[in-house]
Amino acid sequence: MQTRPLEQGVEITSALTLDELDQVKALGFKAVICNRVPGESDDFPDEESYRHKAEQLGLAWVHIPVKPGEYSQEDIQRFADSLAHLPRPILAFCRTGKRATHLWAYARRQSDQCELATLLAAAKEAGFDLEDHRQALENQNA
């Protein structure tokens with residue numbers, strides 16, 4: 001498992017296995033946001049086993065399932081609320097980390113104080129180019 005920071009106290013990773021949740025805990029994360037849709041692939045048949053294991057480990061768990069590129073305002077708001085209220089550090093994941101990065105960027109852009117250039121640079125540093133989302137992100141807090 002490789003994590004990549006997006007901001008202080010928030011990192012992303014690609015698909016986690018159940019066993020990797022032990023590593024998440026050992027690395028000091030306090031909360032996990034899962035953006036995978038149950039059944040989207042053989043390695044993620046359901047979310048319940050992950051939730052149960054996270055709870056056993058004392059990790060806060062939030063499930064915001066989204067399909068790639070399909071982010072409703074409700075999904076974005078739930079991600080923003082999770083960033084605001086979950087204990088840090090937080091680890092967000094999906095199959096590749098892309099959906100988690102997109103939701104993070106849209107959630108952060110809801111604030112007038114959030115600079116788009118900062119978001120684009122942080123996402124690029126984490127391995128994801130948000131240029132295709134620039135216009136939508138510009139409009140996010142308009």
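Biologist: Is Glu-7 buried, partly exposed or exposed, and what relative accessibility places it in that class?

Modeller: This is a predicted model, and every value I quote is computed from it. Because buried means under 20% relative accessible area and exposed means over 50%, Glu-7 counts as partly exposed at 24% relative accessibility.

Biologist: With which residue does Glu-7 form a salt bridge?

Modeller: The general idea is that side chains of opposite charge can pair when their charged atoms come close. Here Glu-7 forms a salt bridge with Arg-108, and the closest N and O atoms are 2.7 Å apart.

Biologist: How many salt bridges does the structure hold, and which residue meets Lys-53 in one of them?

Modeller: The structure holds 10 salt bridges, and in one of them the side chains of Lys-53 and Asp-22 meet at 3.0 Å, N to O. Lys-53 lies in helix α2 (residues 48–57) and Asp-22 in helix α1 (residues 20–26), 31 residues apart, so this pair too links distant parts of the chain. When you read such a pair, look at each partner separately: Lys-53 counts as buried at 17% relative accessibility, whereas Asp-22 is partly exposed, with a relative accessible area of 35%.

Biologist: Which residues does Thr-101 touch, if I do not count residues up to four places away in sequence?

Modeller: Thr-101 has its place in helix α4 and counts as buried at 0% relative accessibility. With those sequence neighbours left out, Thr-101 touches Leu-6, Ile-12, Ala-123, Phe-128 and Leu-130. For a contrast in exposure, take Lys-124 in helix α5, which counts as exposed at 56% relative accessibility. The C-alpha atoms of Lys-124 and Thr-101 are separated by 9.9 Å, although the two residues are 23 residues apart along the chain.

Biologist: How does β5 run relative to β2, and how many bridges join them?

Modeller: For a strand, ask which strands pair with it and which way its side chains point. β2 and β5 run parallel and are joined by 4 bridges, with Val-10 standing opposite Ile-90 in β5. Strand β3 (residues 31–34) also pairs with β5 in the parallel sense, over 4 bridges, and there Phe-93 is the bridge partner of Cys-34. Ile-90 and Ala-92 point one way from β5 and Leu-91 and Phe-93 the other way, yet all of these are buried.

Biologist: Which element supplies the largest share of the largest nonpolar core?

Modeller: The largest nonpolar core has 33 residues, and those with the most contacts inside it are Ile-12, Ile-33, Phe-79, Leu-83 and Trp-104. At least two residues of this core come from each of β2, β3, α3, β5, α4 and α5, and α4 gives the largest share, 6 residues. Leaving aside neighbours within four places in sequence, Leu-83 is in contact with Val-10, Arg-88, Ile-90, Trp-104, Ala-107 and Arg-108. A second, separate core has 13 residues, including Leu-16, Val-24, Ala-54 and Leu-59.

Key
Residues are numbered from 1 along each chain as its sequence is written. This is a predicted model: local features need pLDDT of at least 70, side-chain atom pairs count only at pLDDT 80 or more; totals for chains, interfaces and linings use all residues. Side-chain values use heavy atoms; hydrogens and water are left out. Buried means under 20% relative accessible area, exposed over 50%, partly exposed in between (1.4 Å probe, protein chains only). Contact means heavy atoms within 4.5 Å. Two strands pair if DSSP finds at least two bridges between them. A salt bridge is a side-chain nitrogen of Lys or Arg within 4 Å of a carboxyl oxygen of Asp or Glu. A nonpolar core is a set of buried Ala, Val, Leu, Ile, Met, Phe, Trp, Tyr and Cys residues joined through side-chain atoms within 4.5 Å.
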